[in-house]
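Please keep the sequence and the model in view while reading.

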Amino acid sequence: MNSVLDHLPLVTSSPEEPATIQTPGPPLSGIGLCMSGGGYRAMLFHLGALWRLNELGHLPRLDRISSVSGGSITAGLLGLKWSSLTFSLTGVADNFHDLIVEPIRNFGSKTVDLWAILGGIIGPGSIGDWVAKSYSRHLFSTSSLQDLPERPRFVINATNLQSGVLWRFSRPYMRDYRVGEVKAPTVKLAVAVAASSAFPPVLSPLKLQLDHGVFTPASGIDLQMEPYTTNIELTDGGVYDNLGLESVWKQTATVLISDAGGRMAAEPRPKHDWIRHSARVLSVIDNQVRSLRKRQVIDSFKQGLRKGTYWGIRTNIADYHLGTALNCPFEKTLLLANIATRLSRIKSVDQEKLINWGYAVSDAAMRRHVNPDLPMTADLPYPKPGIG
């Protein structure tokens, strides 16, 4: 059965494949995982979720992993190290901690955004260039998109400021449906992740310079021309789709969504000057679109129109009504959800709490909505700090 979302552009004004609005696609198969944005907070929360998915033997079952912003940092390292993970017959990688957990935790102890801003102001290159250099130095070295595995398909999402739609980085291609497609791109993995996490306004945009000739002829709908093909300006993938949903929804039958996104704070006295008032209005629009995506997805799950589950950093674990869920008091998890959306050092103990929370809530979601026969977990990865 096809979801209403198969016939809607997922709250966008320009669907990537317009024909699918009227015509249902073929039956879907496979499992997709979406990892949202949210800076280092998201990076660590998703790390905890991946930790539990590994224990449950679900990582090698994934067909597609889509990410934006902070989620792309974790996804990028997982993709880079995928071929080195040693999966057992039960699908558990016994070296997951060494290859994925430790490097991400080490990176989470470093501040990137502030130094990138200073470097972009007083040094050569843009702020985006400095972010990419940090990613390269600490996580990805000189690896390119061609170092990602063929399966699962890793899709790192950015937003094209010129065309107003998603720019997708992956091993077989990078594309913007309006601008066109570049097959087998050799863009550095660090650059792709930097584009995906170019949080506006301070870390945005990341400028990608290409040769017009690298595009597949006639692969763009209406913007396959210079400067759209030669001087691309990209910003955070979350500007267009903070769940990383579009790259998965039309491709897989089962969708797992890990959401560490922030929430717009209430403001009792909105500013009236045009700069701050305009910023507030844009925040309201952005918040509405994110909320609508989430509601559509969860409603689709409830109606049986799509298999899968959603877990979020602001979820109350009690809402899963799972008596064997790990103890995660809602008031404590909300404190973790309110950690700032930055690429800035997080204390070791707070890293452990974020990882624990991602681990616990993904465990509850998977055992409640995906497979009730999955084994229980005895404790959190870091029992001492717990959730707070």
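Are Trp-167 and Phe-215 buried or exposed? Trp-167 is buried, and Phe-215 is buried as well, where buried stands for under 20% relative accessible area, exposed for over 50% and partly exposed for what lies in between (1.4 Å probe, protein chains only).

## Basis and confidence

This is a predicted model, in which local features need a pLDDT of at least 70 and side-chain atom pairs count only at pLDDT 80 or more, while totals for chains, interfaces and linings use all residues. Residues are numbered from 1 along each chain as its sequence is written, and side-chain values use heavy atoms, with hydrogens and water left out.

The chain has an average pLDDT (the predictor's confidence in each residue, from 0 to 100) of 90, and 91% of the residues score at least 70. Residues 1-25, however, have a pLDDT below 50, although this stretch has 46 contacts in the model beyond near neighbours in sequence, a contact being heavy atoms within 4.5 Å. Where pLDDT is low, the predicted coordinates should not be read in detail.

## Aromatic pairs

Rings of Phe, Tyr and Trp (its six-membered ring) pair if their centres lie within 6.5 Å, and planes under 30 degrees apart count as stacked, over 60 as edge-to-face and the rest as tilted. By this rule there are nine aromatic pairs. One of them is the edge-to-face pair of Trp-51 and Tyr-382, with 5.6 Å centre to centre and 90° between the planes. Because Trp-51 lies in helix H1 (residues 39-55) and Tyr-382 in the segment after helix H11 (348-370), the pair ties together parts that are 331 residues apart in sequence. Trp-51 is buried, with a relative accessible area of 13%, and Tyr-382 is buried with a relative accessible area of 13%.

The rings of Trp-167 and Phe-215 have their centres 6.5 Å apart and their planes at 80°, so this pair is edge-to-face. It links distant parts of the chain, since Trp-167 is in strand E4 (residues 166-169) and Phe-215 in the loop between strand E7 (206-209) and strand E8 (231-236), 48 residues apart. Tyr-40, Phe-107, Tyr-135 and Phe-140 form one aromatic cluster.

## Around helix H4

Leu-114 is found in helix H4 (residues 113-122) and is partly exposed, with a relative accessible area of 43%. Ser-109, in the loop between helix H3 (96-107) and H4, counts as partly exposed at 35% relative accessibility. Leaving aside neighbours within four places in sequence, Ser-109 is in contact with Arg-345 and Gln-351. Helices (H or I, at least four residues) and strands (E, at least two) are DSSP runs, numbered from the N terminus.
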